[in-house]
Structure formats: structure tokens, C-alpha cells
Amino acid sequence: MKQFILWISLLIVPNLAFCFGVDLHAHLFMEQGVNIIYNGGFFLPHIKAKKWNHAKRSQVNENLMKQTELSIVVVSLYAAPIIAGESVFNSILKQIKMAEIFVERNPNGVITHSSTDAQSAINQGKKILVFSIEGGDRNINTLEQLKILHSRGVRIITLLHLTGDKIGGPTLAGRMEALFSTPSSLFCYGRDSEWS
């Protein structure tokens, strides 16, 4: 019975979120995060993905974002070392800049920095962008970087993404993908050796 309830929940909850105009995980600016292996771009006129599971091809662009009826979009910011073609932190900042350009060009969109901002924007019928960083273990190495990201609107940070350490680890599928993007032995910044 527990398994049945779990499966029903997994089917219903994402659909309810979509019905209420919420996307909890949108990679809008991946051309910056996985530059070398990505095909497409947010500001290009056409998307490149032909199917929903074409993860390394653009699935949304500026025109689709303007037309969507979603009211809240959690923008997942991710950058893979080496594949991003630059430092992970700089890649994240470029993705934030792309979102800022989108909002400048589309006054119906807003990057929210607080729940008060979000409620006000919802009341005005605007699209809300909330920034989420995947893999704080690779993206944030100093308090100064954290302050910069917070000032630019980042409000959600996952500690791990694809790589593992003593805090936790990815699924087997995540580990397989990590072999091609973020080998854990090279990119965990020695956090395990400092663990206490």
C-alpha cells in the first residue's frame, strides 16, 4: 500500500505544480554551463531538442519563455568544470546575467529576491524567476562568492550535484554522468580531508 501511495504521489505532485504554473527545475542557460557539449541557446530563435529528454540540446528559448503561462520558474544554474570552458563561478555569473537580460527585455518577468517581492510580482501577473545553484560544493568556495551570488538573487543552493563526498552522493546514473563532466576525484576541492 505504501508503494502505491508513493507512486500516486510521484504522478500527482509534479502535475499539480505544472497546473499551478510552477516549474521547479528549468535549465534555461545551459549553453554557458556545459558550453562544449551543448547545442542551442536561450536567445536563439529556434530550440534544438526534438524530444523532452534531449538534455544536451536547448529545450526553451526567450520566445517560449515569453509565451509560457508559468508564473514561477526556478532557474537551475549549473556549470561543469572543464566543459563550461571557464571557471564554474564565472559561468554561473554569466547565466545570471542572461536572466537579467531576459528580464530587461521582457518587463513581464522579474528576478525575485524575497517572498515579498515574489508575492507582489504574482499580484501584478508577472513571471517570477528564482535562482537555484546545483552543486554548491563546486560553485562556491568563499564567503565573498556566496555574498555576490546572494546579491544577484540566488536563493536555493544544493550542496551536491553528480559528485560525492562524506556529506552525500549522487545516484548511480549521476555517477555515470559525472564520469563525463565532473570526475569527483578532481573536483570536490578536498573537502573530505577537512571533514571533522
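The model is predicted, so local features require pLDDT of at least 70 and side-chain atom pairs count only at pLDDT 80 or more, while totals for chains, interfaces and linings use all residues. Residues are numbered from 1 along each chain as its sequence is written, and side-chain values use heavy atoms, with hydrogens and water left out.

**The whole chain**

Begin with a cartoon view. The chain holds nine helices and five strands, in the order α-β-α-α-β-α-β-α-β-α-α-β-α-α from the N terminus. These elements are DSSP runs numbered from the N terminus: helices are H or I with at least four residues, strands are E with at least two. Of the 196 residues, 41% count as buried; buried means under 20% relative accessible area, exposed over 50%, and partly exposed in between (1.4 Å probe, protein chains only). The accessible surface comes to about 11,600 Å², 62% of which belongs to carbon and sulfur atoms. Accessible areas come from the Shrake-Rupley method with a 1.4 Å probe, and for residues only the protein chains shown count as cover.

**The nonpolar cores**

Next, select L28, L129 and L149, which have the most contacts inside the largest nonpolar core, a set of 28 residues. A nonpolar core is a set of buried Ala, Val, Leu, Ile, Met, Phe, Trp, Tyr and Cys residues joined through side-chain atoms within 4.5 Å. Strand β2 (72-77), helix α4 (88-105) and strand β4 (127-134) each supply at least two of its residues, and α4 gives the most, with nine. Apart from this core lies another, of six residues, among them M30, V34, Y78 and A80.

Now centre on L129. Leaving aside neighbours within four places in sequence, L129 is in contact (heavy atoms within 4.5 Å) with M65, V73, V75, A99, F102, V103, V110, I111 and T112.

**A patch on the surface**

Switch to a surface view and select L143, L146 and I157. Together they form a nonpolar surface patch with about 250 Å² of accessible area. Patches are made of residues with over 30% relative accessible area and no salt bridge; like charges are joined within 9 Å, nonpolar side chains (Val, Leu, Ile, Met, Phe, Trp, Tyr) within 5 Å. I157 belongs to strand β5 (residues 154-158) and is partly exposed, at 35% relative accessibility.

Select S91 in helix α4. S91 is buried, with a relative accessible area of 0%. Not counting residues up to four places away in sequence, S91 touches Q32, G33, A79, A84 and E86.

Then move to D23, in strand β1 (residues 22-26). The side chain of D23 reaches the backbone nitrogen of H25 at 2.9 Å. With the sequence neighbours up to four places away not counted, D23 touches L70, I72, V73 and V74.

**The salt bridges**

Finally, display charged side chains. The whole structure has three salt bridges, each a side-chain nitrogen of Lys or Arg within 4 Å of a carboxyl oxygen of Asp or Glu.

- E62 and R105 meet at 2.6 Å, N to O. E62 lies in helix α3 (residues 62-67) and R105 in helix α4, so the pair ties together parts 43 residues apart in sequence.
- E86 pairs with K94, the closest N and O atoms being 3.2 Å apart.
- E100 and R152 meet at 2.9 Å, N to O. This pair links helix α4 with the loop between α7 (143-151) and β5, 52 residues apart.

Key
Polar contact = N/O pair within 3.5 Å; in protein donor to acceptor, adjacent residues only side chain to side chain.
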